[in-house]
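This briefing gathers selected features of one chain by topic. Please keep the sequence and the structure in view while reading.

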Amino acid sequence: MSEATMMQVVRAPRLHEVTSPYDGRIVGCVAITDVSAVEELMAAARSGAAAAKSLSRHARAAILSTAASDIERRSEVFAQTIVAEAGKTIRQARKEVHRAVNTLRLSAEEATRGAGEVIPFDSYAGSEDRTGWFTREPLGIIAAITPFNDPLNLVAHKVGPAIAGGNAVVLKPSALTPLSAQLLADALYDAGLPPEALTVVHGGRDVAAAIIRTRDVRMVSFTGGFATGEAIARTAGLKKLAMDLGGNAPVIVLDDADVDHAVDSCVSGAFWAAGQNCVGVQRILVHHSVYSEFRGKFLAATQALVTGDPAEERTDVGPMITPGAVREVQLKISGAVDAGATVLAGNRAEGNVLLPTVLESVPEECRLWQEEVFGPVVMLKVFSTYNEAIELANSIEFSLHAGLFTRSLASAMGAARDLDAGGVMINDSSDYRFDGMPFGGSKYGSMGREGVRFAYEEMTQPKVVCIRN
């Protein structure tokens with residue numbers, strides 16, 4: 001759907017300018033939806049739900065697969081858009097595009113295989129004369145709200161499974177990074193998706209709240225911060241919620257770890273996307289016998305990272321998303337330093353580029369230790385026993401991923417059991433994610449799972465058919 005058509009559908013004459021987080025230049029604009037247009041928008045979405053449900057599974061798969069191939073063919077355009085609006089480095093942006101293509105192809109596969117199962121009614125005495133099955137049916141209208149840090153792939157993770165399941169989607173991407181989402185929507189329209197089956201809305205919290213509280217919306221899928229997640233839960237009413245609300249990932253380096261491998265993995269995991277990564281490495285717990293070696297090598301590798309213009313091939317760490325985001329991270333660092341922490345590297349900003357920052361001796365009561373930092377900051381802490389490391393790792397009230405480095409199978413299996421996290425990455429940093437695996441957290445704030453198959457199941461519902469002979 002063209003921008004002009006979208007403006008006509010939702011009557012949004014105002015334009016929102018999208019700026020580069022690196023140099024502030026205007027990189028594009030989108031039409032803003034006025035809250036008064038939400039009723040008309042939802043009427044279109046109701047029509048879209050009927051159109052999406054009527055599509056055969058083959059048609060849904062073909063649309064998703066065709067869009068994936070189109071994005072793959074134009075991958076550099078998508079990557080450059082991510083760099084421009086999100087500030088990811090060009091190498092990181094290309095990887096995100098590659099992942100989004102895979103996410104859509106996995107969604108296409110799910111459209112053809114997630115059909116349901118035969119139910120063994122005759123396994124219950126008295127039901128021998130019954131046979132039947134259940135199918136997976138669409139929920140109807142899915143409201144999807146996505147963040148800035150993965151502006152293409154996290155949209156694909158919501159839109160792809162929703163379409164595979166025969167739903168209509170009302171998508172509100174981050175106002176900071178709406179261009180990638182619009183490109184993805186256009187690829188789906190060009191692939192044959194009925195325009196009313198996917199409505200992209202650009203606007204503020206008032207528009208999001210109006211959509212969320214609409215009775216026709218049967219599910220809200222949200223990725224973002226805790227405060228916003230709580231506000232959505234209060235606003236949504238009686239409907240299904242799926243939320244990824246962030247993390248504070250611990251990584252444990254045991255005494256038998258391959259230190260060089262652990263260092264390389266943790267540097268990447270801590271500073272990828274300027275640390276704006278919900279499963280990024282934040283707390284590294286290192287056994288006292290290898291702490292000195294790990295600390296020295298980690299600092300050397302961190303200080304060797306190239307910072308600056310995300311469009312340059314050599315750049316490792318680009319800008320954070322806004323000046324306010326930089327200030328918030330620096331405020332947390334200052335609080336930790338005032339409480340006795342030591343800065344080992346970084347803690348200096350050049351525009352929106354915050355140099356990769358490493359601290360040690362951070363008191364556990366500090367915000368930097370307790371909260372998700374969502375910036376290029378990592379903390380080192382020494383431990384003596386396995387139980388101490390597990391207790392430190394589990395001390396935070398929310399958790400997505402954790403990591404562990406060890407050569408011991410027994411330690412690996414023990415940590416997989418003992419760590420409270422939605423995913424435990426053994427001999428990998430916490431930021432590893434494959435788009436086909438279940439993704440979500442444990443403890444406070446975690447609701448539902450992403451990952452194509454698992455999101456598909458969240459976005460559909462079983463219908464039982466029973467035939468009495």
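Rings of Phe, Tyr and Trp (for Trp, its six-membered ring) are paired here if their centres lie within 6.5 Å, and planes under 30 degrees apart count as stacked, over 60 as edge-to-face and the rest as tilted. The model is predicted, so local features need pLDDT of at least 70 and side-chain atom pairs count only at pLDDT 80 or more, whereas totals for chains, interfaces and linings use all residues. Residues are numbered from 1 along each chain as its sequence is written, and side-chain values use heavy atoms, with hydrogens and water left out. Helices (H or I, at least four residues) and strands (E, at least two) are DSSP runs, numbered from the N terminus. Buried means under 20% relative accessible area, exposed over 50%, and partly exposed in between, with a 1.4 Å probe and protein chains only.

**Aromatic pairs and charges over rings**

- The ring criterion gives a count of four aromatic pairs.
- Phe 148 and Phe 374 form an edge-to-face pair, with 5.9 Å from centre to centre and 85° between the planes.
- This pair links distant parts of the chain, 226 residues apart, since Phe 148 is in the loop between strand E5 (141-145) and helix H6 (153-164), while Phe 374 is in the loop between helix H13 (367-370) and strand E16 (377-383).
- Phe 148 is buried, at a relative accessible area of 15%, whereas Phe 374 counts as partly exposed at 21% relative accessibility.
- The pair of Phe 271 and Phe 298 is tilted, because the ring centres are 6.4 Å apart and the planes stand at 40°.
- Phe 271 lies in helix H10 (residues 259-271) and Phe 298 in helix H11 (residues 291-303), so the pair ties together parts that are 27 residues apart in sequence.
- Both Phe 271 and Phe 298 are buried, and ring pairs link Phe 271, Phe 294 and Phe 298 into a cluster.
- A charge sits over a ring if NZ of Lys or CZ of Arg is within 6 Å of the ring centre and within 35 degrees of the ring normal; Arg 283 lies over the face of Trp 369 in this way, at 5.4 Å from the ring centre, and Arg 433 lies over the face of Phe 439, at 3.7 Å from the ring centre.

- The expected span of a helix is 1.5 Å times one less than its number of residues, so the 12 residues of helix H4 (residues 75-86) should span 16 Å, which agrees with the 16 Å between its end C-alpha atoms.
- The buried residues of H4 include Phe 78, Ile 82, Val 83 and Glu 85.
- Among the elements that cover the buried residues of H4 are strand E1 (15-19), strand E2 (26-31), helix H3 (57-73), helix H5 (90-113) and helix H7 (179-190).
- Gly 87, which follows H4, has a positive phi near 80°.

- Ser 107 is placed in helix H5 and is buried, with a relative accessible area of 0%.
- Contact means heavy atoms within 4.5 Å; leaving aside neighbours within four places in sequence, Ser 107 is in contact with Leu 64, Gly 160, Pro 161, Ala 164 and Val 452.
- Val 452 is placed in helix H16 (residues 452-458) and is buried, with a relative accessible area of 2%.
- Not counting residues up to four places away in sequence, Val 452 touches Thr 103, Leu 106, Ser 107, Glu 110, His 157, Pro 161 and Asp 435.
- The C-alpha atoms of Val 452 and Arg 105 are separated by 9.6 Å, although these residues are 347 residues apart along the chain.

- Two strands pair if DSSP finds at least two bridges between them, and an open sheet of seven strands with mixed pairing has the order E12-E15-E16-E11-E10-E18-E19.
- Strand E12 (342-345) and strand E19 (423-426) stand at the edges with a single partner strand each, so one side of each is left without a neighbour in the sheet.
- Strand E11 (residues 281-287) runs parallel to E16 and is joined to E16 by five bridges, and Leu 285 stands opposite Lys 381 in E16.

- Most residues other than glycine have a negative phi.
- Ala 273, which is not a glycine, has a positive phi of about 55°; Ala 273 is found in the loop between H10 and E11 and counts as buried at 8% relative accessibility.
- Asn 347 also has a positive phi, near 60°; Asn 347 is found in the loop between E12 and strand E13 (349-350) and is partly exposed, with a relative accessible area of 30%.
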